[in-house]
Amino acid sequence: MALTLLTYSALFLILLLFLGFLSFVLHVHHQHLRYAHIPGPPRDSFFTGNIPSIRREKRRAQDKGMTIIWMNWYRQYGSVYVTWIYFIPVVILSDPDMAKKALITLNLPKAERVYSKLSNVFGHRASGQGILTEVDHEVWRRKRAMLNPAFHRRYLMNLMDAFNSICDDFLENLRKYADGKTPVRMVNEFGRVTLDIIGKVGFGINLNIIGNPDSAFPSAVSKTLEGMQANLQNPFWMFQISAFPFQNSVIDAIKYLRVFAKNVIKERCLALQNRDETPSDILEHIVKEAQENSEINMDDLVDNFLTIFIAGQETTSNQLSFTLYEILKQPMIEERILKEVDKVLGHRETVEYEDLGQLQYLDQTLKEALRKHPPVGGTQRILQKEDVFGDYKIPAKTPVVVSSYNVQKSPEFWESPDDFDPDRFSPSRKDAISQFVFFPFSLGPRSCIGKTLAQFEAKVLMARLLREFKFEILPGQTDQVEENLTLKPRDGVMCTFTQR
């Protein structure tokens with residue numbers, strides 16, 4: 001009797017599992033039918049979608065990253081196409097009007113499925129509910145309003161001494177290698193100086209990373225970004241035993257950064273409590289956020305600290321790296337920049353606030369680097385209700401990627417887009433460039449809060465760097481990319497240099 005009951009129970013369990021599996025199969029099949037009218041690469045299989053093709057392409061291609069794969073498919077399938085991440089459809093939009101509609105007209109919310117994987121990495125809180133990953137529009141709006149004053153031009157214009165001071169340290173450190181023989185990986189050097197800048201101007205701390213090659217901070221930032229990318233691409237990470245050592249190293253890096261951030265915040269809170277003189281920087285606005293909202297705890301403050309610290313540093317570092325690469329490939333561009341810098345600065349070494357607007361050609365060069373090499377390939381949003389993009393009806397609840405990378409490198413919107421031409425942004429031509437074909441900092445209400453800060457520091461660093469050193473790029477360097485959330489030069493922009 002007991003055996004019979006056990007047998008029936010087992011059979012019932014098997015039946016439930018079968019019915020559950022059948023329901024899942026029917027759901028996936030229904031999804032395939034709903035998107036069958038939208039072009040896109042053929043699925044490799046029923047359950048894994050385009051994942052096998054993506055993995056093959058990553059192994060084969062010299063450029064490493066989803067952004068490049070999306071660009072290749074854009075060339076094949078047009079400005080609207082669907083790709084399947086396992087059994088989840090993702091629609092890629094690569095058109096200025098569609099970008100405007102998705103990011104401004106509809107102001108689509110960020111896709112929780114994606115940003116939750118940046119909030120928590122391998123089961124540990126990383127960027128949490130910071131200003132980048134907060135998907136609730138109303139909550140995000142309050143956080144943004146609190147931080148806006150710290151990124152306003154009126155505040156940043158008073159930070160030129162800090163920009164120049166850290167640039168002094170940067171140049172002094174590089175002089176040790178200015179023998180014309182020692183190869184230097186400039187991606188790393190830009191990473192160090194931008195970390196020191198965001199630490200100083202944003203949080204009032206001296207990281208001293210430039211002069212400390214053994215600092216754990218840069219490697220912790222890189223490891224965290226690498227972990228975020230892996231977490232984003234692999235929903236089955238908890239079953240991948242072979243990757244556990246890597247996952248543990250990412251978790252250690254996240255813990256290190258969060259403990260560091262917590263200590264800095266505590267120190268600032270104590271200083272404010274003691275009525276000590278403190279800078280009116282990003283950190284002060286983060287702390288004020290907690291003072292004005294009792295529901296905000298320390299973890300919430302750390303979320304914004306790390307989000308601004310990592311995102312603000314990494315994107316500017318990559319922009320500077322690609323800009324230097326492109327300048328060194330065209331000596332005429334370098335000569336024009338140097339003439340302009342000499343004319344504007346005269347005998348001064350430092351860059352003043354009033355100089356920034358006069359460094360017109362340098363500004364054009366930095367913009368062209370952002371066009372050709374945007375630090376981030378695009379943004380993913382979620383379609384709240386059925387809508388039409390191009391000639392296609394897109395079902396409600398569809399994740400859509402607005403690809404700034406595809407738009408900014410498309411011959412449909414740019415003449416000779418593979419050429420690096422700063423004169424695209426000259427005063428006589430820049431008015432013809434729509435904000436919907438050039439949006440490296442995204443569009444709409446959720447555009448990058450730190451874009452003015454990034455432009456300030458990029459101009460100061462590049463002007464003074466080129467004036468101080470004569471660079472030679474090593475043979476074999478390319479502009480091929482490596483993607484860990486952001487896009488950076490895969491080869492590192494290896495150079496030798498001498499003082500001018």
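Which helices and strands each supply at least two residues of the lining of the second largest pocket? They are helix H9 (186–203), helix H10 (216–233), helix H13 (298–329), strand S11 (481–484) and strand S12 (486–489), where helices (H or I, at least four residues) and strands (E, at least two) are DSSP runs numbered from the N terminus. This is a predicted model, in which local features need pLDDT of at least 70 and side-chain atom pairs count only at pLDDT 80 or more, while totals for chains, interfaces and linings use all residues. Residues are numbered from 1 along each chain as its sequence is written, and side-chain values use heavy atoms, with hydrogens and water left out.

The second largest pocket has a volume of about 350 Å³. A pocket here is, on a 1 Å grid over the protein atoms alone, an open set of points with protein on both sides within 12 Å along at least five of seven lines, and its lining residues have an atom within 4 Å of a point; the volume is the space filled by probe spheres set on the points, which are joined across faces, edges and corners. Of the 17 residues that line this pocket, Val187, Asn188, Ser222, Glu314 and Lys488 are the closest to its centre. H9 gives the most to the lining, with 5 residues. By class, the lining has 5 nonpolar, 7 polar and 5 charged residues, given that Ala, Val, Leu, Ile, Met, Phe, Trp, Tyr, Cys and Pro count as nonpolar, Asp, Glu, Lys and Arg as charged, and the others, Gly among them, as polar.

Turning to the sheets, 3 strands form an open sheet in the order S5-S13-S10, with antiparallel pairing; two strands pair if DSSP finds at least two bridges between them. Strand S5 (184–185) and strand S10 (469–473) stand at the edges with a single partner strand each, so one side of each is left without a neighbour in the sheet. S10 is joined to strand S13 (residues 494–499) by 5 bridges, and Lys470 stands opposite Thr498 in S13. Helix H18 (residues 451–468) packs on this sheet, touching S10 and S13, and its direction makes about 90 degrees with that of S10. Contact means heavy atoms within 4.5 Å, and axes are lines fitted to C-alpha atoms, for helices over the stretch in contact, with angles running from 0 to 180 degrees between N-to-C directions.

Another open sheet has 4 strands in the order S1-S2-S9-S6, with mixed pairing. Its edge strands are strand S1 (80–85) and strand S6 (378–382), each of which pairs on one side only, and the twist averages 30 degrees from one strand to the next. S1 and strand S2 (residues 88–93) pair in the antiparallel sense over 6 bridges, with Ile92 in S2 as the bridge partner of Tyr81. Helix H3 (residues 66–77) lies across S1, S2 and strand S9 (399–403), at about 135 degrees to S1, whereas helix H4 (residues 96–105) lies across S1, S2, S6 and S9, at about 125 degrees to S9.

A cavity is a set of grid points where a 1.4 Å probe fits but cannot get out, and the largest cavity holds about 50 Å³ of space. Gln319, Asp363, Leu366, Lys367, Leu370, Gln455 and Lys459 line this cavity, and the elements that give two or more residues to the lining are helix H16 (360–372) and H18. The largest share, 4 residues, comes from H16.
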